[in-house]
Amino acid sequence: ACRIFAKEFGKEDGRTKTCQNQWHALIDAQMNKCYEEADVLSAEKWPKKVELLTKAFDLTKRSKKDDNAAVLAKAEEVVKALPSDVETLNEQYKRQLAADALLNHALLLIDTHGKPVEGFKDAARVVAMGQHAGSGKDGIGRQVAQAYYLTARANFKQKKFKEALPHAVESLTLFEAAHGKLEHEDVPRVLSQLGQIRHKLGETAMALQAHQQAESLRREIFGEDHCEVAASLSNIADVQKEMGKLEDARDNLVRALPMQQDQWGKKHVYVGFTEEKLGKVLLELGQHEEAATHLKNAYTIFSERCGQEDSARRCAKSYKDAMMKGEDGTVWETITVEQVLALKKQQSD
């Protein structure tokens with residue numbers, strides 16, 4: 001109901017806000033109930049406590065308290081409730097419960113809080129659970145595959161691309177074994193990471209293949225116009241641009257942009273990155289007027305919406321590099337898009 005009201009009447013409409021307040025009140029009540037029940041449980045009853053705290057963690061992501069610090073704090077509470085010997089647990093249910101808690105925490109540390117080393121440690125514990133003598137990967141195949149993916153991601157974030165590659169490949173193999181097929185939403189995420197790693201290693205043909213496979217799977221899983229498809233199209237364009245296939249890169253970014261705008265709105269940071277990428281490709285193709293439009297859109301998003309001054313400055317400088325090549329005597333690092341457009345007009349006049 002909240003989504004419908006927001007779409008029909010806007011986020012600031014009284015009907016939307018009333019519905020949202022009711023929704024958040026229900027979520028907060030459920031969260032409080034989880035904590036009350038968890039507080040009275042002893043350490044021996046850790047599985048039930050972890051269940052309740054995990055539910056509270058999931059609810060936090062949907063509440064008014066959904067900020068990065070609050071969500072991480074809830075994930076840490078779940079991990080603290082685990083026994084110290086999780087790597088040697090023998091019951092399948094307990095292994096799954098512990099593995100999911102560690103993976104939630106690792107994902108936040110790696111992707112949201114810029115702490116890949118700490119996240120790597122959680123992922124390594126899940127891998128150790130899968131390697132525990134007598135248990136193998138029984139019952140936690142998906143979690144072990146996810147742990148290898150996060151290990152690859154942690155290495156990627158630290159620019160350890162060679163170290164990341166085998167973990168991404170192993171993750172893909174384990175996901176296929178766990179699901180019995182590749183047509184599962186876990187798989188394109190790994191393929192995208194694999195493509196990014198191979199791109200950084202200079203293996204552009206294999207990177208393109210991985211990204212194209214991810215895009216095909218995402219279309220099948222999510223539908224034609226989903227933002228996940230747009231992410232793959234953007235990744236494909238990155239590789240195509242480096243391969244000199246500028247028209248193909250442009251076409252894929254043109255397809256991706258409206259998908260992202262429909263999903264997140266025209267002022268989202270991801271939309272800004274795609275606007276910037278498209279602007280740069282158009283500049284290389286010599287389509288300066290179209291490039292200026294997209295770079296100015298990106299500049300506006302970064303400077304007004306996100307406060308990313310470096311990104312905004314980068315957009316202005318990209319425009320200058322193509323349009324004002326050979327000029328000197330100007331401090332281009334601090335130039336704005338408006339100033340560049342004014343200079344271009346002077347040249348034209």
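Contact here means heavy atoms within 4.5 Å. In this predicted model, 56% of the contacts in the protein chain between residues at least 6 apart in sequence join residues at least 24 apart. The protein chain contains 16 helices and 0 strands. Of its 349 residues, 45% are buried.

**Helices H3 and H4**

Two packed helices are described by the angle between their axes and the distance between the axes. For helix H3 (residues 46-60) and helix H4 (residues 68-80), the axes come within 9 Å and cross at roughly 170°. Angles over 145 degrees count as roughly antiparallel, and H3 and H4 are therefore roughly antiparallel to each other. On the H3 side, the contact involves Val50, Leu53, Thr54, Phe57 and Thr60. These residues meet Ala70, Val71, Lys74, Ala75, Glu77 and Val78 in H4. Sorted by class, the contact of H3 with H4 has 7 nonpolar, 2 polar and 2 charged residues.

**Aromatic rings**

The model has 4 aromatic pairs. One of them joins phenylalanine 273 and phenylalanine 302, whose ring centres are 5.2 Å apart. The planes of these two rings stand at 50°, so the pair is tilted. Phenylalanine 273 belongs to helix H13 (residues 269-284) and phenylalanine 302 to helix H14 (residues 288-306), so the pair ties together parts that are 29 residues apart in sequence. Phenylalanine 273 counts as partly exposed, at 31% relative accessibility, whereas phenylalanine 302, at 0%, counts as buried. Elsewhere, arginine 15 lies over the face of phenylalanine 9, at 3.7 Å from the ring centre.

**Proline 116**

Proline 116 lies in helix H6 (residues 116-131). Its relative accessible area is 13%; because buried means under 20% relative accessible area, proline 116 is buried. Leaving aside residues up to four places away in sequence, proline 116 touches Leu109, Ile110, Ala154, Lys157 and Gln158. With glutamine 158 the separation along the chain is 42 residues, and the C-alpha atoms of proline 116 and glutamine 158 are separated by 7.2 Å.

**Accessibility of the residues discussed**

| Residue | Relative accessibility | Class |
|---|---|---|
| Phenylalanine 273 | 31% | partly exposed |
| Phenylalanine 302 | 0% | buried |
| Proline 116 | 13% | buried |

Definitions and conventions
Residues are numbered from 1 along each chain as its sequence is written. This is a predicted model: local features need pLDDT of at least 70, side-chain atom pairs count only at pLDDT 80 or more; totals for chains, interfaces and linings use all residues. Side-chain values use heavy atoms; hydrogens and water are left out. Axes are lines fitted to C-alpha atoms, for helices over the stretch in contact, and angles run from 0 to 180 degrees between N-to-C directions. Helices (H or I, at least four residues) and strands (E, at least two) are DSSP runs, numbered from the N terminus. Angles under 35 degrees count as roughly parallel, over 145 as roughly antiparallel, 65 to 115 as roughly perpendicular and the rest as oblique. Ala, Val, Leu, Ile, Met, Phe, Trp, Tyr, Cys and Pro count as nonpolar, Asp, Glu, Lys and Arg as charged, and the others, Gly among them, as polar. Rings of Phe, Tyr and Trp (its six-membered ring) pair if their centres lie within 6.5 Å; planes under 30 degrees apart count as stacked, over 60 as edge-to-face and the rest as tilted. Buried means under 20% relative accessible area, exposed over 50%, partly exposed in between (1.4 Å probe, protein chains only). A charge sits over a ring if NZ of Lys or CZ of Arg is within 6 Å of the ring centre and within 35 degrees of the ring normal.
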